[in-house]
Amino acid sequence: MDEVREAVQDDEWFAVLTHRLPYDPAAPAVADRLQRCTSPAVVAAALADHGDGLLRQLAGQPTDRDWIADCGGPLGAVLVLAEVDAAASVLRSHVAAARAGLLADLVQDHSLVELADLLGVTRQALHKTLKNRGL
């Protein structure tokens, strides 16, 4: 991780872009683009509220701050939303892996039909989830 920290060259950006770790070769370029428009604090705030404030402002709803201005304008807002999306994607991957692991454990004690019924999904959907995860 030290090489990532050196590549990003700023501890504040390194701390904000943790969803890009252990190493995403794009992290330094992402940090560079973001710092041209906004601050690590703004990106951290957008990540903390999952982009809701910025999305509300874009939808014309009242917000507690001018997110677009804080992002450095529309270009910065696009970059910040891209980071919210990247963080969400990482979370989705982790959740899917954890869910598949738990499902693999559950099929040891339950048939696919029974488990699908308990989960409220089709047997085919459950089978596909397990198959796609190599389980």
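This is a predicted model: local features need pLDDT of at least 70, side-chain atom pairs count only at pLDDT 80 or more; totals for chains, interfaces and linings use all residues.
Reader: Let's start with the overall picture. How many helices and strands does the protein have?
Author: Happy to begin there. Read along the sequence, the pattern is α-α-α-α-α-α-α-α-α. The tally is nine helices and zero strands.

Reader: Is the protein a compact globule or more spread out?
Author: The C-alpha atoms fill a box of roughly 55 × 40 × 15 Å along the principal axes. For 135 residues the globule rule gives 14 Å, while the radius of gyration is 20 Å, well over that value. So the protein, compared with a compact globule, is more spread out.

Reader: What share of the residues is buried?
Author: A residue counts as buried when its relative accessible area is under 20%. The accessible surface of the protein comes to about 8300 Å², and 55% of that surface belongs to carbon and sulfur atoms. Of the 135 residues, the buried ones make up 29%.

Reader: And what part of the contacts joins residues at least 24 apart?
Author: The contacts considered here are those between residues at least 6 apart in sequence. Among these, the part that joins residues at least 24 apart is 45%.

Reader: How far apart are the mean positions of the positive and negative charges?
Author: The protein has 12 positive and 19 negative charges.

Reader: Now to helix α7. How far apart are its end C-alpha atoms, and what span should the helix have?
Author: Helix α7 covers residues 74-106, which is 33 residues. At 1.5 Å a residue, the helix should span 48 Å. The end C-alpha atoms agree with that, as their separation is 47 Å.

Reader: Which helices do the buried residues of α7 pack against?
Author: The buried residues of α7 include Gly76, Ala77, Leu79, Val80, Glu83 and Val84. Further along the helix, Ala100, Leu103 and Ala104 are also among them. Their packing partners are α3, α4, α5, α8 and α9.

Reader: Which residues is alanine 86 in contact with, leaving aside its neighbours within four places?
Author: Alanine 86 is found in helix α7 and counts as buried, because its relative accessibility of 19% is under the 20% cut-off. Leaving aside neighbours within four places in sequence, the contacts of alanine 86 are His19 and Arg20.

Reader: How far is glycine 101 from leucine 130 in space?
Author: Glycine 101 is found in helix α7 too, and it is partly exposed, with a relative accessible area of 31%. In sequence, glycine 101 and leucine 130 are 29 residues apart. C-alpha to C-alpha, their distance in space is 8.6 Å.

Reader: What does proline 40 touch?
Author: Proline 40 has its place in helix α4 and counts as buried at 12% relative accessibility. Aspartate 10 is 30 residues away from proline 40 in sequence, and their C-alpha atoms are 9.8 Å apart. Not counting residues up to four places away, proline 40 touches Glu12, Trp13 and Val16.

Reader: Where is threonine 38, and which residues is it in contact with?
Author: Threonine 38 lies in the loop between α3 and α4, and with 10% relative accessibility it counts as buried. Glycine 76 is 38 residues away in sequence, yet the two C-alpha atoms are 6.6 Å apart. Beyond its neighbours within four places, threonine 38 is in contact with Trp13, Val43, Asp70, Cys71 and Val80.

Reader: Last one: is histidine 50 buried or exposed?
Author: Histidine 50 sits in the loop between α4 and α5. Its phi is positive, about 60°, although histidine 50 is not a glycine. Since exposed means over 50% relative accessible area, the 56% of histidine 50 makes this residue exposed.

Definitions and conventions: Residues are numbered from 1 along each chain as its sequence is written. Side-chain values use heavy atoms; hydrogens and water are left out. Helices (H or I, at least four residues) and strands (E, at least two) are DSSP runs, numbered from the N terminus. The expected span of a helix is 1.5 Å times one less than its number of residues. Buried means under 20% relative accessible area, exposed over 50%, partly exposed in between (1.4 Å probe, protein chains only). Contact means heavy atoms within 4.5 Å. The radius of gyration is taken over C-alpha atoms; the globule rule is 2.2 Å times the number of residues to the power 0.38. Accessible areas come from the Shrake-Rupley method with a 1.4 Å probe; for residues, only the protein chains shown count as cover. Lys and Arg count as positive and Asp and Glu as negative; His and the chain ends are not counted. The place of a charge is taken as NZ of Lys, CZ of Arg, CG of Asp or CD of Glu.
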